[in-house]
Amino acid sequence: MDNEGNRFTALLAEIDAFYQGFGHPTVLANALRTAVLFVPLTDDDRISTSEIEGIDWVCAFTSEQEYAKYVVARGENSGQHRYHTLLGWRIVDDLIPSLGRPTGVVVDICGTAPMAFPPTVDEVA
């Protein structure tokens, strides 16, 4: 497998480990940070986010095929669907803090093994 393919296989392997019951949170988070992910864009070239029950999420995908499943599930299968490819650390460290509200990342939301990384929320006592 080429180096580009290896950029997301560690994430998929760690997600699989979690589904089997023996994943490690730190290893999973590190795999997310090093993965190359496809992230949908809005019509005005912004990263697309989805709100689910009051929480914003960046939907990220490990392949164009996983992104296509999402597009079809949303009934948006006509027309061109643009995306950026970003390293996970760019999503977590740069993109999410710039959004101004707690936002999580969900990987392959319409796939066979979706994985959610909830937002970090600072609690106020």
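The second largest pocket of this predicted model has a volume of about 200 Å³. Its lining consists of A29, L32, R33, V92, I96, T103, G104, V105, F117, P118, P119 and T120. Helices α2 (25-34) and α4 (88-98) and strand β5 (103-107) each give two or more residues to this lining.

The largest pocket holds about 250 Å³ of space. It is lined by 13 residues. Nearest its centre lie L41, T42, D43, E76 and H81. Helix α3 (residues 64-73) contributes most to the lining of the largest pocket, with three residues. Five residues of that lining are nonpolar, four are polar and four are charged.

In soluble globular proteins, nonpolar side chains tend to be buried together. In this model, the largest nonpolar core comprises 20 residues. Within it, L11, I91, V105 and F117 touch the most other members. At least two residues of this core come from each of α1 (3-20), α2, β1 (36-40), β3 (55-60), α4, β5 and β6 (115-117). Another core, of eight residues, lies apart from the largest one. Its members include F38, W57, F61 and V106.

The contacts of I91 were examined in turn. Leaving aside residues up to four places away in sequence, I91 touches L37, V39, V58, A60, L86, I96, P97 and V105.

How values were computed. Residues are numbered from 1 along each chain as its sequence is written. This is a predicted model: local features need pLDDT of at least 70, side-chain atom pairs count only at pLDDT 80 or more; totals for chains, interfaces and linings use all residues. Side-chain values use heavy atoms; hydrogens and water are left out. On a 1 Å grid over the protein atoms alone, a cavity is a set of points where a 1.4 Å probe fits but cannot get out, and a pocket is an open set with protein on both sides within 12 Å along at least five of seven lines; lining residues have an atom within 4 Å of a point. Grid points are joined across faces, edges and corners, and a volume is the space filled by probe spheres set on the points. Helices (H or I, at least four residues) and strands (E, at least two) are DSSP runs, numbered from the N terminus. Ala, Val, Leu, Ile, Met, Phe, Trp, Tyr, Cys and Pro count as nonpolar, Asp, Glu, Lys and Arg as charged, and the others, Gly among them, as polar. A nonpolar core is a set of buried Ala, Val, Leu, Ile, Met, Phe, Trp, Tyr and Cys residues joined through side-chain atoms within 4.5 Å. Buried means under 20% relative accessible area, exposed over 50%, partly exposed in between (1.4 Å probe, protein chains only). Contact means heavy atoms within 4.5 Å.
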